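Reader: I'm new to this one and would like to know where its labels come from. Could you walk me through it?

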Amino acid sequence: MQEHEEVTKMDQVERLMQRPILYDNIDGAGELALGFFFLGYTLLRWLPIHAIWWHRYGVLLGFLLLIAAIHYGVKAIKTHITYPRTGFVEYRKRGYVWKGAIAGAVVGLFIGLGIVLVAHSHWVVGRSHWVLRMPAALFGLIFAAGYAYKIASTVRWKWAMAAAMAICSFEMAMIPAGAIRAMMGRNSAFATAFGALRLTFAFYGLILLISGGISFVLYLRHTQPASETAE
Amino acid sequence: MNLKTRKLAELDRVIHEPGRLMIVALLSAVEQADFLYLQHETEMNKGTLSSHLSRLEEAKYIEVTKTYRGKIPQTLLRLTAEGRQAFAQYRRRMKEAL
């Protein structure tokens, strides 16, 4: 009996140790930031193709502005809303650098594989083959699985968001290559592959903005700024 | 007394208390956190949390820094190297005992 209690206690301890990481997105700021990044990136890559007034260095400048806006926006939310309501946390940097490096390497590997796959399909199976949309669909599915594992597993309603992401990935694999090429303004295998990837970014950005927005509103409704009494 | 029971008996009593175990587990995952965050996560009232923190500070497991966030007083808490070592040892002993 005592042993069972201790096992439960240790399970709770292990779960507690995960809570600070989940706390980072308690206000939905993480999802909002990623959503803005995805949508901003798509817009910045789309403008040079369709807007004749857009200067090519505008992409670089726009990208820098986007990163700055996201960085300072998240900082402002944390400083003025989250910390006064539910407290301040400073994360351990060492672990995060390694995790970031590993995640970056995995994403890099995946993009590299996607490019190889696209190039291969261009030479072997022809331009209109479904394989050109596979990197985008695969990226979407992996992202949806990661979202479900990390975020939706702790907040039940976010399973709906994970499901929407998964459906979006399947839809991406079904979109006619011609439609994607028309959107990209170019007629090549790479245009199809990257066009599908950008569409995925746009849809996921929208889903993340909705999810982050709902989280933010719920957070504001369920928390109050703490009183300024002695601790 | 069997081996498992002996292992459980050898556990660090300062950390083994449920309230303090929660605090140490939370602080072990971060560089530092403030009083409000611990209160939010543990759902303890200010008095209870303060008394647990005092006990942990007495054992030199945590470091308490009083500061200000703007004009608002803020109490920052961080696990000391000793505290991290004690918690790691506690987890190891618990795993061995279970």
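Author: Let's start with chain B of this predicted model: its secondary structure comes to six helices and three strands.

Reader: In what pattern do they follow along the sequence of chain B?

Author: Read along the sequence, the pattern is α-α-α-β-α-α-β-β-α. The C-alpha atoms of chain B fill a box of roughly 55 × 25 × 20 Å along the principal axes.

Reader: What makes a residue of chain B count as buried, and what percentage are buried?

Author: The cut-off is 20 or more other C-beta atoms within 10 Å of the residue's own. Of the 98 residues in chain B, 30% are buried, so that percentage reaches the cut-off. As for contacts in chain B with a separation of 6 or more, 57% are between residues 24 or more positions apart.

Reader: Why are β1(B) and β3(B) called paired?

Author: Pairing needs at least two bridges between two strands. Two bridges join β1(B) (residues 30–34) to β3(B) (residues 72–79), so they count as a pair. The two run antiparallel. One detail to look for is B:Asp34, whose bridge partner in β3(B) is B:Leu76.

Reader: How do you know that β1(A) pairs with β1(B)?

Author: Same test: at least two bridges are needed. β1(A) (residues 89–91) and β1(B) have three bridges, in the antiparallel sense, and therefore they pair. A:Tyr91 stands opposite B:Val30, and A:Glu90 stands opposite B:Gln32.

Reader: How many residues does each chain bring to the contact, and what makes two residues count as touching?

Author: Two residues are in contact if their C-beta atoms, placed from the backbone, lie within 7 Å. On that basis, chain A gives 21 residues and chain B gives 23. On the side of chain A that touches chain B, the elements giving two or more residues are α1 (2–23), α3 (57–86) and β1 of chain A. The largest share, ten residues, comes from α1(A). By class, that side of chain A has twelve nonpolar, two polar and seven charged residues.

Reader: Why does a low value matter?

Author: Where pLDDT is low, the predicted coordinates should not be read in detail.

How values were computed
Residues numbered from 1 in each chain as written. Chains lettered and ligands numbered in written order. Predicted model: local features only at pLDDT ≥ 70, side-chain atom pairs only at ≥ 80, totals over all residues. pLDDT = per-residue confidence, 0-100. Helix = DSSP H or I, 4+ residues; strand = E, 2+ residues; numbered from the N terminus. Nonpolar A, V, L, I, M, F, W, Y, C, P; charged D, E, K, R; others polar. Buried ≥ 20, exposed ≤ 12 C-beta atoms within 10 Å, placed from the backbone.
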